[in-house]
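The sequence and structure are shown first.

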Amino acid sequence: MNRIINRIAVLGSGVMGSRIACHFANAGLEVLLLDIVPKNLNEDEKNKGLDLTSPRVRNRIVNTSLETAVKSNPSPLFKKSLARHISTGNFEDDMHKLSGCDWIIEAVIENADIKKSVFAEVEKHRKPGTLITTNTSGIPVRMLLDGRSDDFCNHFCGTHFFNPPRYLPLLEIIPSDKTSNEVIEFLFWYGEVILGKTTVICKDTPAFIANRIGVFGIMSLFQSIGSGSLTVEDIDKLTGTVIGRPKSATFRTCDVVGLDTLVHVANGLYQNCPDDEAHQQFKIPSFIQKMVDNKWLGDKTKQGFYKKIKDASGKSEILSLDLNTLEYKPQSKTKFATLEQAKAIDSLKDRLKFLITGKDAAGEFYRSSFGALFSYISNRIPEITDHIFQVDAAMKAGFGWELGPFEVWDAVGLAEGKNLIEEQGLRISPWVDELINSGKQSFYEIKDNARLCYDIDTKDYKIIEGQRHLVMLEKRRSSTIWKNAGCDLLDLGDGILCLEFHTKMNTIGSEIVEGMNKAIDTAENGFRGLIIGNEAANFSAGANLALIYLLAIEQEFEQIDYAVRAFQSMNMRIRYSSIPVIVAPHGLTLGGGCEMSLHADKVVAAAETYTGMVEFGVGLIPGGGGTKEFALRFADELKPGDIELNAFRQRLLTIAQAKVSISAAEAFDMGIYKEGRDQVVMNKSRQLTVAKQAALLLADSGYVRPMIRKEIRVLGKSGLGTVYAGANAMLAGNYISEYDKVLSEKLGYILCGGDLSAHSLVTEQYLLDLEREAFLSLCGEKKTLERIQSILTTGKPLRN
C-alpha cells in the first residue's frame, strides 16, 4: 500500500469519538480531536470570569470528553502517556487543520442531517485524496453523500468501530457504490495490521453484519421468553460460556450496553427491513417497552434486567427481574441436567453437539434458538455479505463469540442444523440445501495446511481472504511431531517449530516442562528456531498453584525443590539454547508465563497482553528465574549518573506489588520487555506469523547462543539496608502486613545478592540458588498456604 497515514482527525468527542481517538494514539498516530463549541458558560467558568470567547470555554466539551475517556476503567489507552498524541480543538476554530490530516473520521450524533452538515464543512478543508469515513452504526452510507464532490465520494465509506474500540476488535467497512477499490483494500489492510482489528467488508444494509445478526438473536429471545418458564438468570446460564459466548451472556450484556441502545437498533431494523422474513421479531415487546419507559436501561440507570441492592445488614445482593410481573426478586438457581452433563465435555464443538440432544428445558431451548439462528443467517447471504466467513468473523470480533454462527452450525452438523430449522417451521436458504445435496459436510474445511470456506458463487471451497499466508495452528494440526497431555509440538514450516500449551488456563506443570525440553532438543537437531505460543484466550496463568499447594500441605519439599529446579532449568534452556527462541505472549501472561518471556531471545507480544510476576499475592516470590532476571537487568541497565537505589527500588516494587501491565506497551515501562529487542503486534491473529518471521530473521542473521552470565553486579548489604528500612517504614504506616514485610525482605535479599559485605560480582546460578531457597522456605509457611488457598477457593488474594 502506497498510502501513508501520519495524522488522523476525529470529529465528535463523545463516548465513541474520544475512544476511537485513543485507539489511534495506541497505534502511534497523531490525532486531532474536535467537537462543538458550548453555547453557554457553566458555573465554574462564570465564577472565573471567563466568557464564550475564551479558548478554555470553547474547547470545554472536547477536553472534558477526552479527560473522561483517559480516566475511564478499563483504559482506552495502552498507557496514560499516549494521551499526549491527541490534540483537541473545536468545529469553529480548528476545521482548517483538517488540511493536514490523512484520514478524517466523523463520529458525531447519529443523525443524517447533522452528519451531512459536518461533511459540507469538511469538504471546504480536506485536501484531495484524504480518506473520509463515518462511524455510523446504522445510517445507510449512500444517504450521506448528497452534494459531495467526486473525490470526496471516491474516498468515503463507513468505518463502524465497536465500543470500546480498544477491546472489541471488530471494524466493519461499508463502502458505497462510489468508493474506490483502492480505498476499500487500504482500509481493510490498515484495520487489520495497524489498528489490530478484525476487519470485515459489509454491504450497505441496515445494521450491517454484526448488529443485524446479534440483535436478531436477542430480539428473537425476547419474543419467545415471555410465554416460557425460563427466568432471566436461566437464560444467562444457558447463553454464556457453556456455548462459547461471553460470561455476561444475554441479559447482563444488555444491561452493560444499555437497553435503549438495543431498542434503537431494533427499531431501525423494524422500520428499514420490511422484507426480512423475521421482521416481526424486531418489534419491541411490551415488557421491554415498559422497562424503557421506566428508565430501567441497565448499568447507566443502576437497574435493568438486574439490580444491585444492599440488604438490612449492608450486604450487597443482585436481584433479577421477573419478566412476568416486572418486579425484582432474589435470583433462583435452576439446575439443568443437560448442562450438568455438558460440564465434562471440554471441547466446545463437542459440547454444542451434545447440548441440542438434551431432553430437558435446556435441550429444548438450544434446539429452538439454534434453529432460529441457522435459518436467519442462511437467509442473510448474500444480502448483507457474499461471504460466510465475514459473518463468523463479525460475530466473534463484535459480540465475543468463540465460534461464529456458521462455525456453530458446522459443530452440530449441516444436516442436523437443517433439521433444527425445519422443526421450528422456519425457512432455509436454497444455497444451503444445494450445499447439503452436493454431499459436502461443512461450511469450512482444512486442506493442505490452509483453511477454506464454502463460496456460494463458485459452489466450492476457497481459501479465506487475508488468511493465505497467516500462521494459524488450527491449519497445522497435521504437522504435529510430538505431544503429551499438556502441549503439542508443531512444525510451522521453513525450519520453525511451535510449542503450544493446552492445559487449563495454560498453567505450567510437569507436562509443559517436559514439552519445553523436548521442543528445544528437537529444534536443536535439524530445525532453525522455536516459537512458544498458542491461540487460546490466555498465554499462561502461571504455575500450577493447586499442585504447589498440595505438595506443600503434604510437606513434600523435595518434590517442590525438584519442580523449581526443573522450571529454572527450563527457562535457562530457553535463554541458552543453540537456536533462537521466540515467546509470543497474549492475554493473561502471569507468574511463570512472564518468566518465560524474560528468558526469550525475543518477545513478540500481542498488544493486549497483561503480564507481571504476581507470586507476591500468594505469599511467594518468582521462583522460575524471574527474580534472578530482574537482578541481572538492574545491573545491566544502570547507567553512569543514575541513582542506583532508585532504580533498584523500581525493580523491587514491580515484584513486591505484584504489578500487572494493562497492555504490552506498559510492560516495556515495567522492565519486563526490552526496547529495541521485543516488539508488539496489534492484531493477535497475526502474532504467530510475525513471531515466525522474527525467528527466521534471527536464524538468517547467524544466531549464536549467548554466553552464560558469570559477572552480575549486585549491591549486597548496601542495598539490603534500604530494603529493610523501607519494609519497616511501610509496616509502620500500615501499608503492608507483617508477612508482607517478611516477603519483601526475602525478595530484597535475592535482588541484592545476599548479605555480601560490598558490591560484588555473582553468577546467574548463584542468584537462582538464592531464589529457589527463598521459594522453598516460603512454601513451608502457614501464611503462604493460607494465601494460596484463598486464591484457589475464592479467586481473591488474602492479606494476612
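Contact here means heavy atoms within 4.5 Å. Helices (H or I, at least four residues) and strands (E, at least two) are DSSP runs, numbered from the N terminus. This is a predicted model, in which local features need pLDDT of at least 70, side-chain atom pairs count only at pLDDT 80 or more, and totals for chains, interfaces and linings use all residues. Residues are numbered from 1 along each chain as its sequence is written, and side-chain values use heavy atoms, with hydrogens and water left out.

**Helices α21 and α22**

- I548, L551 and A552 of α21 meet F557, Q559 and I560 of α22.
- By class, this contact has five nonpolar residues, one polar and no charged; Ala, Val, Leu, Ile, Met, Phe, Trp, Tyr, Cys and Pro count as nonpolar, Asp, Glu, Lys and Arg as charged, and the others, Gly among them, as polar.
- The axes of α21 (residues 545-553) and α22 (residues 557-576) come within 8 Å and cross at roughly 145°; axes are lines fitted to C-alpha atoms, for helices over the stretch in contact, and angles run from 0 to 180 degrees between N-to-C directions.

**Helix α27**

- In α27, 10 of the 14 residues are buried, so the helix is largely enclosed by the rest of the structure; buried means under 20% relative accessible area, exposed over 50%, and partly exposed in between (1.4 Å probe, protein chains only).
- Among the buried residues of α27 are Q687, K692 and A699.
- The cover over the buried residues of α27 includes β17 (496-501), β18 (529-532), β19 (581-583), β21 (602-606) and β23 (679-681).
- Just after α27, G702 takes a positive phi of about 85°.

**Aromatic pairs**

- The whole structure holds 32 aromatic pairs; rings of Phe, Tyr and Trp (its six-membered ring) pair if their centres lie within 6.5 Å, and planes under 30 degrees apart count as stacked, over 60 as edge-to-face and the rest as tilted.
- F406 and F443 have ring centres 5.0 Å apart and planes at 75°, so this pair is edge-to-face.
- F406 lies in α17 (residues 405-412) and F443 in the loop between α19 (430-437) and β12 (444-447), 37 residues apart.
- F406 is buried at 0% relative accessibility, and F443 is buried with a relative accessible area of 0%.
- One aromatic cluster includes F406, W409, W431 and F443.

**Charges over rings**

- The charged end of R451 sits over the ring of Y444, 4.0 Å from its centre; the criterion is NZ of Lys or CZ of Arg within 6 Å of the ring centre and within 35 degrees of the ring normal.
- The charged end of R3 sits over the ring of F186, 5.8 Å from its centre.
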